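Hi,

Here is the structure I said I would pass on. Have a look at it first, and my notes follow below.

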Amino acid sequence: MQLAQRMAQLGTETAFDVLARAEALRAQGKDIISLGIGQPDFPTPPHIVEAAIKALKDGHHGYTPANGIVPLREAVAADVLKYRGVEINPDNVVIMPGGKPTMFFSILMFGEPGAEIMYPNPGFPIYESVIRFSGATPVPIELHEASGFSFSADEVLGRITDKTRLIIVNSPANPTGGIVKEEELDKFVKGLEAFPHVVVLSDEIYSRMLYDGHCHKSLLAYPALRDRLIVLDGWSKTYAMTGWRLGWSLWPDALAPHAAKLAVNDHSCVNAATQWAGIAALTGPQDAVDAMVRAFDERRQLIVGRLNALPGVSCVTPLGAFYAFPNITGTGRSAAELQNAMLNEAGVATVAGTSFGALGEGYVRFSYAASTAQIDEAMTRIAKIL
Ligand code: PLP
């Protein structure tokens with residue numbers, strides 16, 4: 001057997017390994033609190049589930065167009081107008097099986113040996129993994145605790161070369177919970193005028209999960225960027241639909257046909273009933289989303305307070321998503337050591353910051369998509385081992 005060389009370049013998302021280890025420990029009878037994997041602990045709202053059941057009963061059993069059914073793409077356009085205040089053409093929307101395929105396809109479209117792609121570090125691990133897989137050179141955009149894990153536009157612009165093809169922006173961010181400051185976005189977009197060859201992928205999957213009065217500033221709000229902006233969003237986080245595999249992407253005219261072609265080659269179309277459920281999610285009542293975000297906010301305040309009370313740990317307050325990313329250097333342990341100790345000795349699953357890039361050393365990601373009682377108990381157990 002001779003694998004293609006690029007297979008050696010493909011990384012992974014360690015959160016799934018942690019999930020498997022936590023499940024194995026649970027199977028041995030251990031009581032494990034899961035603050036590892038990034039998914040809401042709420043069920044999908046019932047009216048969305050009902051819409052999928054109805055779709056199946058109504059006979060939506062066949063292939064759909066590769067870019068998604070028209071009413072769903074129209075519902076996405078209406079949602080973008082409602083929450084981002086921007087008019088888009090449903091023809092530029094491609095429905096995807098989750099958020100990940102949008103990043104995979106965007107990176108494959110632009111990545112090849114000799115090309116450079118910039119990505120946040122620490123950041124969602126799949127960016128760097130797929131950039132390496134494509135043969136392109138990953139160029140990290142360094143995110144630092146001191147600036148609330150926002151990026152510096154000057155720093156990003158200063159690292160663009162004639163080989164830079166794609167820049168990935170993620171706000172609100174995984175794993176830090178940081179958001180990119182509006183003035184940095186303004187400066188970034190203005191500065192990009194000097195680099196018309198560069199495309200931007202804006203991963204806005206946590207756009208509805210913001211706290212302390214912050215509102216989502218989408219890169220779609222910048223008309224100057226529209227003809228070279230790809231937007232990634234989806235249902236996984238907002239509607240607690242991680243297992244359904246449903247996402248949407250928005251592509252400029254020049255790229256939409258390529259995205260649809262990649263979809264045909266890869267998965268033909270997204271599961272038909274799931275697409276109808278997606279319409280119900282976008283057009284139906286939003287109170288379940290609001291209630292979930294309120295619950296996350298309460299948990300955020302609890303976990304940040306408890307983390308800051310741990311010896312050797314300090315945590316900036318995350319402004320979005322559902323992750324806390326405390327600095328653990330004062331514990332004297334590496335991120336991986338602490339992750340393992342918390343899992344094996346305290347029965348608390350978390351993810352070492354190094355799973356999100358080299359700049360994640362000294363940090364551990366806690367997903368606070370767990371009940372306040374579980375968070376409370378987890379912090380008590382960790383306090384004991386520290
Ligand atoms: N983008 C970011 C920043 C994420 O954190 C995730 C999931 O954790 C995704 C994209 C992928 O979402 P999906 O599960 O819909 O593929």
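A question to start with: is Asn327 buried or exposed? Keep in mind that this is a predicted model. Asn327 has a relative accessibility of 14%, and the cut-off for buried is under 20%, so Asn327 counts as buried. You'll find Asn327 in the loop between strand 9 (323-324) and helix 11 (335-346). Its side chain makes a polar contact with the side chain of Thr329, at 2.6 Å. Leaving out residues up to four places away in sequence, Asn327 touches Glu145, Gly312, Val313, Ser314, Gly362 and Tyr363.

- Gly99 has a backbone N or O atom 2.7 Å from an oxygen atom of the ligand.
- Tyr206 has an N or O atom in its side chain, 2.7 Å from an oxygen atom of the ligand.
- Lys237 puts a polar side-chain atom 2.6 Å from an oxygen atom of the ligand.

As for how covered the ligand is, it exposes 390 Å² when taken alone, and the protein buries 94% of that.

Next, the backbone. Most peptide bonds are trans, and most residues other than glycine have a negative phi. Here are some exceptions to check in your viewer.

The peptide bond between Asn121 and Pro122 is cis, with omega about 0 degrees. Pro122 sits in the loop between strand 3 (116-121) and helix 5 (125-134). Another cis bond runs from Asn174 to Pro175, with omega near 10 degrees. Pro175 belongs to the loop between strand 5 (164-170) and helix 7 (182-192).

On the phi side, Phe149 is not a glycine, yet its phi is positive, near 65 degrees. Its place is the loop between strand 4 (137-142) and helix 6 (153-158). With 3% relative accessibility, Phe149 counts as buried. Ser268 also has a positive phi, of about 65 degrees, without being a glycine. Look for Ser268 in the loop between helix 8 (256-266) and helix 9 (272-283). Is Ser268 buried or partly exposed? Its relative accessible area is 31%, so Ser268 is partly exposed.

Finally, the overall picture. The protein has 12 helices and 12 strands. Its radius of gyration is 21 Å, close to the 21 Å from the globule rule for 386 residues, so the protein is as compact as a globular protein of that length. Along the principal axes, the C-alpha atoms fill a box of roughly 55 × 55 × 55 Å. Of the 386 residues, 57% are buried. If you take contacts between residues at least 6 apart in sequence, 76% of them join residues at least 24 apart. The accessible surface comes to about 15800 Å², and carbon and sulfur atoms account for 54% of it.

That's it from me. Happy to go through any of this together.

Cheers

Terms used: Residues numbered from 1 in each chain as written. Predicted model: local features only at pLDDT ≥ 70, side-chain atom pairs only at ≥ 80, totals over all residues. Heavy atoms only, no water. Helix = DSSP H or I, 4+ residues; strand = E, 2+ residues; numbered from the N terminus. Buried < 20%, exposed > 50% of the residue type's maximum accessible area, 1.4 Å probe, protein only. Polar contact = N/O pair within 3.5 Å; in protein donor to acceptor, adjacent residues only side chain to side chain. Areas by Shrake-Rupley, 256 points an atom, 1.4 Å probe, with all protein chains shown as cover. Rg over C-alpha atoms; globule rule 2.2 N^0.38 Å. Contact = heavy atoms within 4.5 Å.
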